Amino acid sequence: MAILESSEIYVETIYILSLESDTVRAKDISNYMEVTRPSVSRALNVLRDKGLIKNTGNGIIQLTEGGIILAKHIYERKLLITRHFIELGVDEDTAKDDARRIERFLSDTTFNAIRASLIRKGA
């Protein structure tokens, strides 16, 4: 399923917030991403239409099984790419920012090579 980069960012944000708290609400997403509530509302409607999130009541947002799979995929790629950049000597903030920018455009082949390299090094 092809989705926009902005939708991927929202899915990942919901995932990260759900790791930190049992409840995720639109206001939490808005605060975390530093975007307006109307922007969050529009994005959540898109994610709901794509079957990536569901509302469980009281404004609580949860990822669906498909949303969790996508979020974990995105999150893992960013973490490993960030770690690789740090190992190359890039400072952490720059590594995180660059990983966020390029994660979406890396082929699975390149990503798997980075992962294999980190595993070989024991990182």
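1. Residues are numbered from 1 along each chain as its sequence is written. In this predicted model, local features need pLDDT of at least 70, and side-chain atom pairs count only at pLDDT 80 or more.

2. Helix 2 covers residues 26–33; helices here are DSSP runs of H or I with at least four residues, and strands are runs of E with at least two, numbered from the N terminus. A26, I29, S30 and M33 are buried (under 20% relative accessible area, 1.4 Å probe, protein chains only). Seen down the helix axis, these buried residues fall within an arc of 100°, so they line one face of helix 2. The arc is taken from the directions from the helix axis to the C-beta atoms.

3. The cover over the buried residues of helix 2 includes helix 1 (5–20), helix 3 (37–49) and strand 2 (60–63). Just after helix 2, E34 has a positive phi of about 60°.

4. Helix 1 and helix 2 pack at about 105°, with axes 10 Å apart. Axes are lines fitted to C-alpha atoms over the stretch in contact, and angles run from 0 to 180 degrees between N-to-C directions. The two helices are therefore roughly perpendicular (65 to 115 degrees). The contact (heavy atoms within 4.5 Å) involves I9, Y10, T13, I14, I16 and L17 of helix 1 and D28, I29, Y32 and M33 of helix 2.

5. Helix 4 (residues 65–87) and helix 6 (residues 108–121) pack at about 60°, with axes 10 Å apart.

Terms used:
Side-chain values use heavy atoms; hydrogens and water are left out. Buried means under 20% relative accessible area, exposed over 50%, partly exposed in between (1.4 Å probe, protein chains only). Angles under 35 degrees count as roughly parallel, over 145 as roughly antiparallel, 65 to 115 as roughly perpendicular and the rest as oblique.
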